[in-house]
Amino acid sequence: MTTELDIPYLDIADPSFAMHSQAVRDARARSWVAKTNYGYAILRHEYVSKLLKDPRLRQGSAKWPEHNGVHSGLFYDWWTKCLLVLEGEDHHRIRRLLNPAFSLKHLEPYLPRFEELADELIDSFLPSGQVEFVNEFAQPYATRVLCILLGIPESEWPTIARLASTIGLALGITLEQDLPAVEDALAELYGYAEDLIRDRQANPGPDLVSRLVDANRNGDSLSDDELRNALCLLIFGGMDTTRNQLGLGVMSFMQHPEQWELLAAHPELAPAAVEEVMRTNPTTTWVTRETVVDFDYEDLHIDAGTTVHFFTQVSGTDPQAYPNPEIDITAERVGHYGFGGGMHHCLGHFVARADMSIALRALSKKMTNLRINGVDEWMPDSGNTGPVLLPLAFDAR
Amino acid sequence: MKVIVDRTKCDNHGQCTFSAPTVFRLDDNGILQYEENVDESLRDEVEEASDVCPAQAIRIAD
């Protein structure tokens with residue numbers, strides 16, 4: 001029988017807590033589950049795989065605004081109607097209407113422009129032999145990819161990046177004090193989204209927004225408000241994550257330069273390179289769920305309403321699922337949970353996989369001997385993580 | 001039309017159940033169950049399920 005005493009405890013709110021730490025690896029070796037100051041954390045791959053998709057758990061962020069003192073207003077209304085937090089048929093209906101537009105076959109026409117964009121950005125700093133990777137590559141690339149997908153002029157990317165980052169403050173624990181800025185940014189983003197919808201309703205084309213305007217199933221379609229909410233979620237969820245994951249990916253390859261050289265020599269391994277960095281060094285280090293009912297699992301009892309964090313990097317490097325967990329872009333691997341899983345599996349994963357694989361392929365083709373060139377700065381190694389500043393020096397090839 | 005799910009790839013995310021709910025469903029244990037022989041009238045739904053599968057585990061054999 002598992003008792004409280006048998007379960008390791010992890011203080012994941014401690015500023016010094018780190019996913020890449022011996023304490024977390026020791027906890028994983030001892031037990032599949034840890035108690036945390038928020039609830040429980042699932043540590044091993046086998047258990048993440050089973051429980052992440054268990055219908056007795058739901059997405060765990062629905063009450064985030066209320067838990068932070070926000071009970072009404074523009075942000076509250078958007079968040080509580082967001083695909084991210086909807087459940088049951090309300091969720092399935094919108095997901096069913098959105099999913100096809102994000103499938104691989106509809107993304108393929110965009111990929112040549114993603115490749116050109118990666119080359120343009122790299123060529124702008126290549127002769128100097130140095131780059132501040134976050135601001136000179138990852139952020140403009142991630143944001144302009146979204147502009148390309150949505151049909152927003154790429155020159156407007158700094159505005160989109162600013163709005164997405166400001167709305168991102170809503171995920172911080174200072175939400176209440178940031179709320180006026182978050183709501184101003186959301187209102188401005190609503191304006192962008194509503195203009196796009198009106199334009200595609202009048203001038204439909206083969207693009208993503210037109211597909212969503214046209215999305216229809218048995219007579220059901222997205223209302224203008226539902227479509228606007230979804231476009232804002234796409235920008236909110238697609239920018240920071242891709243930017244951060246690219247920085248984490250480059251850092252992983254700097255620690256494994258032989259893998260970087262392998263990628264440069266075998267560009268067809270770029271999709272595997274994306275999977276490996278997301279498995280071993282994901283930006284989303286935990287995925288949050290909440291138990292809907294009282295929950296018994298392998299002698300552990302969890303009360304309804306308890307927060308459960310699924311640790312993605314920890315389960316992605318679990319030696320029981322990955323006997324040699326170090327990054328290896330030639331290895332056959334079981335899947336990781338860097339994109340979450342189940343009903344709430346990341347909607348934009350085909351986009352993210354494609355754009356990051358194009359970026360890593362282009363970077364490895366043109367740059368070698370990457371090294372830190374100055375002072376790098378990082379978000380804490382928990383929650384959503386990544387570099388704030390990543391100054392690099394390199395040799396062009 | 002015959003539906004084939006590669007169980008070595010399928011990770012039971014359940015996205016297919018949104019596209020073709022009469023063909024694919026998750027059982028009480030969250031495991032995918034599906035019809036193997038499906039009427040031709042459901043081809044569009046099953047193709048959509050195949051397109052949106054995060055693990056790309058579904059294919060149609062004619």
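Student: Leaving aside neighbours within four places in sequence, which residues is A:Ala270 in contact with?

Tutor: Two residues are in contact if their C-beta atoms, placed from the backbone, lie within 7 Å, and by that rule A:Ala270 is in contact with A:Leu263, A:Ser357, A:Leu360 and A:Arg361. This is a predicted model, in which local features need pLDDT of at least 70 and side-chain atom pairs count only at pLDDT 80 or more, while totals for chains, interfaces and linings use all residues. Residues are numbered from 1 along each chain as its sequence is written, and chains are lettered from A and ligands numbered from 1 in the order in which they are written.

Student: Where is A:Ala270 found, and does it count as buried or exposed?

Tutor: Helices are DSSP runs of H or I with at least four residues, strands are runs of E with at least two, and both are numbered from the N terminus; A:Ala270 is found in helix H14 (residues 270-280) of chain A. A residue is buried if 20 or more other C-beta atoms lie within 10 Å of its own, exposed if 12 or fewer, and partly exposed in between. A:Ala270 has 22 such neighbours, and therefore counts as buried.

Student: How does A:Asp14 count, buried or exposed?

Tutor: A:Asp14, which lies in the loop between strand S1 (9-10) and helix H1 (22-30) of chain A, counts as exposed because it has 11 C-beta neighbours inside 10 Å.

Student: At what angle do H10(A) and H12(A) pack?

Tutor: Axes are lines fitted to C-alpha atoms, for helices over the stretch in contact, and angles run from 0 to 180 degrees between N-to-C directions. H10(A) and H12(A) pack at about 120°, with their axes 9 Å apart. That makes H10(A) oblique to H12(A), since angles under 35 degrees count as roughly parallel, over 145 as roughly antiparallel, 65 to 115 as roughly perpendicular and the rest as oblique.
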